[in-house]
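Here are a few exercises to work through with the structure open beside you. Try each task before you read its solution.

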Amino acid sequence: MERSSFDVFKSNICHLVKDQGELEFIKQILCSKEIEGFNKLRSCKLDKVLYPSSVTMLYSLSKAPSILEQYYNASVPEFKRFNIVENEIEWNNGENGQDKQGRKKASSD
(Lines give C-alpha, C1' and ligand atoms only; values in the text may rest on other atoms or scores of the structure.)
Protein backbone atom coordinates (compact mmCIF):
# COMPACT_ATOMS: atom_id res chain seq x y z
CA MET A 1 0.00 0.00 0.00
CA GLU A 2 1.40 3.39 -0.99
CA ARG A 3 1.74 6.01 1.71
CA SER A 4 -0.43 9.09 1.15
CA SER A 5 0.98 12.60 1.25
CA PHE A 6 0.68 14.73 4.37
CA ASP A 7 -1.70 17.01 2.48
CA VAL A 8 -4.08 14.09 1.85
CA PHE A 9 -3.74 12.91 5.45
CA LYS A 10 -4.47 16.43 6.75
CA SER A 11 -7.51 16.71 4.49
CA ASN A 12 -8.85 13.34 5.63
CA ILE A 13 -8.46 14.28 9.30
CA CYS A 14 -10.18 17.65 8.73
CA HIS A 15 -13.12 15.85 7.09
CA LEU A 16 -13.37 13.40 10.00
CA VAL A 17 -13.39 16.24 12.54
CA LYS A 18 -16.04 18.10 10.54
CA ASP A 19 -18.21 14.99 10.12
CA GLN A 20 -17.92 13.71 13.70
CA GLY A 21 -17.47 16.95 15.62
CA GLU A 22 -14.39 17.82 17.66
CA LEU A 23 -15.34 16.04 20.88
CA GLU A 24 -16.47 12.81 19.22
CA PHE A 25 -13.32 12.75 17.07
CA ILE A 26 -11.07 13.19 20.12
CA LYS A 27 -13.03 10.59 22.09
CA GLN A 28 -12.73 8.10 19.24
CA ILE A 29 -8.97 8.64 18.89
CA LEU A 30 -8.32 8.42 22.64
CA CYS A 31 -10.30 5.18 22.93
CA SER A 32 -8.58 3.53 19.97
CA LYS A 33 -5.33 1.58 19.85
CA GLU A 34 -3.92 4.34 17.62
CA ILE A 35 -3.15 6.41 20.70
CA GLU A 36 -0.40 3.95 21.71
CA GLY A 37 1.31 4.50 18.37
CA PHE A 38 0.85 8.25 18.71
CA ASN A 39 2.66 8.30 22.04
CA LYS A 40 5.64 6.54 20.45
CA LEU A 41 5.64 9.01 17.54
CA ARG A 42 5.81 12.03 19.85
CA SER A 43 9.51 11.40 20.44
CA CYS A 44 10.32 11.07 16.72
CA LYS A 45 11.40 13.71 14.24
CA LEU A 46 11.58 13.53 10.44
CA ASP A 47 15.10 13.45 9.01
CA LYS A 48 14.26 16.14 6.45
CA VAL A 49 11.94 19.13 6.81
CA LEU A 50 8.56 18.37 5.22
CA TYR A 51 6.79 21.24 3.43
CA PRO A 52 3.29 21.07 1.89
CA SER A 53 3.40 20.06 -1.77
CA SER A 54 2.08 23.48 -2.84
CA VAL A 55 5.06 25.22 -1.18
CA THR A 56 7.51 22.69 -2.61
CA MET A 57 6.08 23.25 -6.07
CA LEU A 58 6.24 27.03 -5.74
CA TYR A 59 9.85 26.81 -4.57
CA SER A 60 10.84 24.47 -7.41
CA LEU A 61 9.42 26.95 -9.94
CA SER A 62 10.96 30.07 -8.43
CA LYS A 63 14.10 28.74 -6.69
CA ALA A 64 13.68 31.61 -4.19
CA PRO A 65 14.81 30.43 -0.72
CA SER A 66 12.70 33.19 0.83
CA ILE A 67 9.56 31.17 -0.01
CA LEU A 68 10.65 28.30 2.23
CA GLU A 69 11.93 30.68 4.89
CA GLN A 70 8.70 32.69 5.06
CA TYR A 71 6.54 29.58 5.22
CA TYR A 72 8.81 28.05 7.89
CA ASN A 73 8.70 31.21 10.03
CA ALA A 74 4.89 31.37 9.79
CA SER A 75 4.35 27.70 10.63
CA VAL A 76 2.92 26.12 13.77
CA PRO A 77 5.72 25.57 16.35
CA GLU A 78 4.20 22.30 17.58
CA PHE A 79 4.61 20.85 14.06
CA LYS A 80 8.07 22.33 13.49
CA ARG A 81 9.54 20.35 16.34
CA PHE A 82 8.80 17.23 14.26
CA ASN A 83 10.26 18.84 11.10
CA ILE A 84 6.79 19.37 9.63
CA VAL A 85 6.20 22.86 8.29
CA GLU A 86 2.49 23.65 8.38
CA ASN A 87 0.56 26.88 8.80
CA GLU A 88 -2.86 26.08 7.37
CA ILE A 89 -4.06 24.37 10.53
CA GLU A 90 -5.76 26.65 13.04
CA TRP A 91 -4.37 26.53 16.53
CA ASN A 92 -4.79 28.57 19.64
CA ASN A 93 -1.55 29.92 21.04
CA GLY A 94 -3.36 31.62 23.92
CA GLU A 95 -1.97 35.09 23.23
CA ASN A 96 -4.03 38.25 22.99
CA GLY A 97 -7.31 36.38 22.61
CA GLN A 98 -6.47 35.47 19.00
CA ASP A 99 -5.79 32.32 17.05
CA LYS A 100 -2.64 31.90 14.93
CA GLN A 101 -4.19 33.74 11.98
CA GLY A 102 -4.91 36.76 14.19
CA ARG A 103 -8.65 36.17 14.37
CA LYS A 104 -10.47 36.71 17.64
CA LYS A 105 -10.98 33.44 19.51
CA ALA A 106 -14.53 32.34 20.23
CA SER A 107 -15.51 33.22 23.76
CA SER A 108 -16.37 30.47 26.21
CA ASP A 109 -19.41 32.31 27.61
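**Exercise 1: Fold overview**

In this predicted model, 39% of the contacts in the protein chain between residues at least 6 apart in sequence join residues at least 24 apart.

Task: Find how many helices and strands the protein chain has, and how much of the chain is buried.

Solution: Start with the elements: the protein chain holds six helices and zero strands. Read from the N terminus, their order is α-α-α-α-α-α. Then turn to burial: of the 109 residues in the protein chain, 17% are buried.

**Exercise 2: A helix pair**

Task: Work out how helix H4 and helix H5 are oriented relative to each other.

Solution: First, locate H4 at residues 53-62 and H5 at residues 65-73. Next, take their packing angle, about 155°, with the axes 8 Å apart. Angles over 145 degrees count as roughly antiparallel, so H4 and H5 are roughly antiparallel to each other. H4 brings Val 55, Leu 58, Tyr 59 and Ser 62 to the contact, while H5 brings Pro 65, Ile 67, Leu 68 and Tyr 71. Sorted by class, that makes seven nonpolar residues, one polar and no charged ones.

**Exercise 3: The core**

Task: Identify the residues of the largest nonpolar core.

Solution: The six members are Tyr 51, Val 55, Ile 67, Leu 68, Tyr 71 and Val 85. H5 supplies the largest share of this core, three residues. Now look at Val 55: beyond its neighbours within four places in sequence, Val 55 is in contact with Ile 67, Leu 68 and Tyr 71.

Technical notes:
Residues numbered from 1 in each chain as written. Predicted model: local features only at pLDDT ≥ 70, side-chain atom pairs only at ≥ 80, totals over all residues. Heavy atoms only, no water. Axes fitted to C-alpha atoms, helices over the stretch in contact; angles between N-to-C directions. Helix = DSSP H or I, 4+ residues; strand = E, 2+ residues; numbered from the N terminus. Parallel < 35°, antiparallel > 145°, perpendicular 65-115°, else oblique. Contact = heavy atoms within 4.5 Å. Nonpolar A, V, L, I, M, F, W, Y, C, P; charged D, E, K, R; others polar. Core = buried A, V, L, I, M, F, W, Y, C linked by side-chain atoms within 4.5 Å. Buried < 20%, exposed > 50% of the residue type's maximum accessible area, 1.4 Å probe, protein only.
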